[in-house]
Amino acid sequence: MDRLTRVPGLLYGGDWNPEQWPEEVWAEDVKLMAEAGVNLVTVGVFSWARLQPDADSWDFGWLDRLLDLVHRQGIAVDLATATASPPAWLVRAHPELLPVTADGVRLEFGSRQHYCPSSPVYRAAAVRLTRALAERYHDHPALALWHIHNEYGDHVQECFCAESAADFRRWLRDRHGTVEELNRSWGTAFWSQRYNTFDQIEPPRTAPGPVNPTQLLDWRRFCSDALLALHRAEKAVLDALSPGLPVTTNFMSMLKALDYWEWSRHEDFVSDDAYPDPADPRAHVNAALNYDLMRSLKAGRPWLLMEQAPSAVSWRPVNVPKRPELYRLWSLQALARGADGVLHFQWRASVAGAEKFHSAMLPHRGTAGRGWQRTVALGAELRRLGEIAGSRSRARVGVLLDWDSWWALELDDHPSARMRWPELLRPWYTALYERGTTVDFLPPDAAHDGYRLLLAPNLYLLDTATAERLTRYVRDGGHLVCGPFSGITDRHDHIHPGGHPGPLRALLGLVVDEHWPIPDGATTALRLGDRELHAERWSEWIETTEAETLARYTTGELAGRPAVTRRRHGSGSAWYLSCHLGPDTGRVLDLPLAEAGIGPELPGLPADVEATRRRAADGTEYLFLLNHGPADRRVPLTRPGTDLLTGTATGDALTLAPLGAAVLRLPATEERA
Ligand code: GAL
Ligand code: ZN
């Protein structure tokens with residue numbers, strides 16, 4: 001089932017915090033929502049204190065009236081479980097539910113997300129509230145979907161209190177079985193770190209020097225699981241009491257703290273909060289990356305942009321607003337990359353509290369200014385695009401992403417602290433983006449068939465099973481490109497013996513003799529054909545065994561040595577980049593792209609224009625064309641279609657204004673079926 005909710009068409013709306021307003025205001029709210037084409041509002045995200053004024057009383061009257069009012073207006077509700085901000089009465093009765101930092105500071109009440117993920121008191125109270133809401137509203141006709149909690153991992157990602165320590169020990173027992181096994185896994189022979197019993201183990205609190213890396217890695221795994229356990233406790237209540245209604249929680253794009261592959265298995269569909277910075281002229285590239293990830297988490301199924309800002313946010317040092325054209329373009333970009341709706345933080349701008357300067361669909365000035373025009377205009381456009389809801393896309397290039405490897409890569413005391421996953425990934429993604437090629441992200445244990453090319457910008461931690469799957473993929477004719485500092489450790493973060501890249505040596509046909517990180521600000525040159533490229537951050541002294549050398553270093557200690565290699569396996573090939581190439585990455589990726597026969601989504605795509613496709617079940621294609629640049633762009637077209645935004649037929653080219661967009665409906669064809 002690809003429909004996210006009972007609501008037809010694309011979803012449009014936002015967080016609505018009616019508890020911040022007298023009830024008289026609500027009637028105006030719903031009238032204006034209808035005027036703007038809003039069809040879904042998220043209610044109750046931070047309403048716990050209002051819903052449950054103390055341990056023994058509930059106040060649902062206001063929410064009853066609100067849901068009825070919204071329903072009468074024909075608007076659907078995404079009802080939050082309200083558990084992200086425990087009320088003062090609960091905190092004061094149970095101060096032990098407040099989270100504790102690595103150096104022992106208990107965080108105070110007065111903000112939000114102040115809870116220990118492992119606190120039984122907090123969990124019981126959250127489940128109780130969820131149950132009360134589900135029992136009362138599961139068959140309310142306005143209810144279209146459930147919204148669990150809010151942004152797990154926002155503000156608080158870990159807690160070092162005694163309760164968390166006990167939970168960590170339980171988790172370790174589950175994972176390792178015996179303390180001997182844990183000692184082996186953590187390599188506690190080093191620095192006399194041996195444990196006799198599980199009881200001797202504590203979370204990795206602030207310590208005099210470097211903490212055991214496997215302890216830190218297990219801690220990361222545990223913290224993601226501890227929050228997931230909370231989420232699953234609420235989800236179980238909703239599934240039992242409100243069967244058939246979809247449930248989601250809002251993700252935070254590519255967030256290190258949570259293994260979203262694991263998390264998304266427990267979502268009915270994926271939703272995401274995205275706040276690209278309007279002051280960053282390249283923000284749309286990173287937004288595309290995040291949206292591709294969200295689409296990939298459920299293998300191409302539509303997802304929902306749960307929150308974006310209509311204009312400025314309030315939490316950056318300098319909060320630049322969005323030009324109306326940019327707001328429209330960025331909204332369309334989410335749809336272009338698989339979203340079935342655009343929601344916001346928030347509907348009506350707050351007058352009090354920490355977010356009173358955050359933009360809203362209905363600004364402080366009311367309906368008089370440009371803010372309101374922007375809200376009405378986008379609603380009208382989304383109605384014109386309604387038919388794209390449910391359509392999907394599937395890329396031919398896959399990018400491997402593994403949270404375990406990300407966590408391990410960024411542990412301390414490595415050859416270079418500059419090897420950070422998002423920074424390693426970005427130039428690879430940007431290269432594909434600039435070439436007009438869409439990618440899907442893939443978990444390490446995914447089936448790789450169907451992808452002509454796999455990119456692994458980094459797989460620092462790589463178990464042999466995954467390496468074997470990659471080897472089979474290449475032997476079966478696939479093309480794999482692997483970035484540096486990969487295949488280094490196993491799942492315990494122990495070095496694979498026999499030389500790097502461990503289980504990839506045979507596949508790649510080489511061995512790494514020594515890592516050669518590059519100091520900040522310096523570069524090392526290499527020659528690829530008649531081009532000079534520049535490596536930054538990282539290079540390696542490699543020795544080829546069966547691989548051919550495609551590029552050699554030309555400066556520094558490594559001058560004359562291989563830098564980029566390829567080993568063919570029948571019609572498949574395994575490529576290795578032994579250095580970080582930053583903006584030059586695409587020069588190398590052009591070679592495997594050509595070998596795998598992968599071109600842009602649209603031939604002849606001009607600079608600044610993003611082109612993506614979605615495909616409906618009946619084969620109808622939707623071609624999104626987005627001009628992120630400051631100049632008119634003429635886009636050649638291969639087939640006639642209709643621009644859904646204007647209703648006009650298109651010929652063999654169209655011109656996009658600066659920040660302009662088109663969404664073309666193209667009739668079904670045989671190819672790419
Ligand atoms: C999100 C959060 C919202 C609101 C928004 C402001 O992270 O979920 O509640 O705070 O940021 O940009
Ligand atoms: Zn805790």
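**Figure 1. Zinc site of the predicted model.** Four side-chain atoms coordinate the zinc ion (ligand 2): Cys116 (SG), Cys159 (SG), Cys161 (SG) and Ser164 (OG), at 2.1 to 2.2 Å. Donors are N, O and S atoms within 2.8 Å of the metal (3.2 Å for Na, K and Ca), and water is not among the atoms, so sites may look incomplete. The model is predicted, and local features need pLDDT of at least 70, side-chain atom pairs count only at pLDDT 80 or more, and totals for chains, interfaces and linings use all residues. Residues are numbered from 1 along each chain as its sequence is written, chains are lettered from A and ligands numbered from 1 in the order in which they are written, and side-chain values use heavy atoms, with hydrogens and water left out. The angles among the 4 donor atoms of the zinc ion (ligand 2) run from 95 to 116°, and the site is tetrahedral (four donors, all angles between 85 and 135 degrees).

**Figure 2. Chain segments that meet at the zinc ion.** Along the chain, the donors of the zinc ion (ligand 2) follow the spacing C-x42-C-x1-C-x2-S. Cys116 and Cys161, 45 residues apart, link distant parts of the chain. Cys116 belongs to the loop between α4 (88-93) and α5 (120-137), whereas Cys161 belongs to the loop between β4 (143-147) and α6 (162-176). Helices (H or I, at least four residues) and strands (E, at least two) are DSSP runs, numbered from the N terminus. Both Cys116 and Cys161 are buried (buried: under 20% relative accessible area; exposed: over 50%; partly exposed: in between; 1.4 Å probe, protein chains only).

**Figure 3. Ser118 in the loop between α4 and α5.** This view shows Ser118 in the loop between α4 and α5. Its relative accessible area is 9%, which means that Ser118 is buried. The Ser118 side chain forms a polar contact with the side chain of Asp167, at 2.7 Å. A polar contact is a pair of N or O atoms within 3.5 Å; within protein, one must be able to donate a hydrogen and the other to accept it, and residues adjacent in sequence count only if both atoms are side-chain atoms.

Figure 4. The residues around ligand 1 (a heavy atom within 4 Å) are Phe46, Arg112, Asn150, Glu151, Asp273, Tyr275, Glu307, Trp315, Phe345, Glu355 and His358. By class, this shell around ligand 1 comprises 4 nonpolar, 2 polar and 5 charged residues. Polar side-chain atoms of Arg112 and Glu151 approach oxygen atoms of ligand 1, at 2.9 Å for Arg112 and 2.5 Å for Glu151. For Glu307, a side-chain N or O atom lies 2.8 Å from an oxygen atom of ligand 1. Of the 310 Å² of accessible area that ligand 1 has on its own, the protein covers 95% (Shrake-Rupley method, 1.4 Å probe).

**Figure 5. Thr83 and His149.** The side chains of Thr83 and His149 make a polar contact at 3.2 Å. Thr83 is located in the loop between β3 (76-80) and α4, and His149 in the loop between β4 and α6. With a relative accessible area of 0%, Thr83 is buried; His149, at 1%, is buried. His149 is not a glycine, yet its phi is positive, at about 55°.

Figure 6. The peptide bond from Phe345 to Gln346 is cis, with omega near -5°. Phe345 is one of the residues around ligand 1, and Gln346 lies in the loop between β9 (339-344) and α12 (370-384). A cis peptide bond also joins His500 to Pro501, with omega near 0°. Pro501 is placed in the loop between β13 (479-482) and α16 (505-508). Asp608, although not a glycine, has a positive phi of about 75°. Asp608 lies in the loop between α17 (585-595) and β21 (609-615), and its relative accessibility of 33% means that it counts as partly exposed.

Figure 7. Gly9 counts as partly exposed because its relative accessibility is 23%, whereas Arg6 is exposed because its relative accessible area is 58%. The C-alpha atoms of Gly9 and Arg383 are 7.2 Å apart in space, although these residues are 374 residues apart in sequence. For Arg6 and Leu401, the C-alpha to C-alpha distance is 32 Å at a sequence separation of 395 residues.

Notes: Ala, Val, Leu, Ile, Met, Phe, Trp, Tyr, Cys and Pro count as nonpolar, Asp, Glu, Lys and Arg as charged, and the others, Gly among them, as polar. Four donors count as tetrahedral if all angles lie between 85 and 135 degrees; four count as square planar and six as octahedral if opposite donors are over 155 degrees apart and all others between 65 and 115; anything else is irregular.
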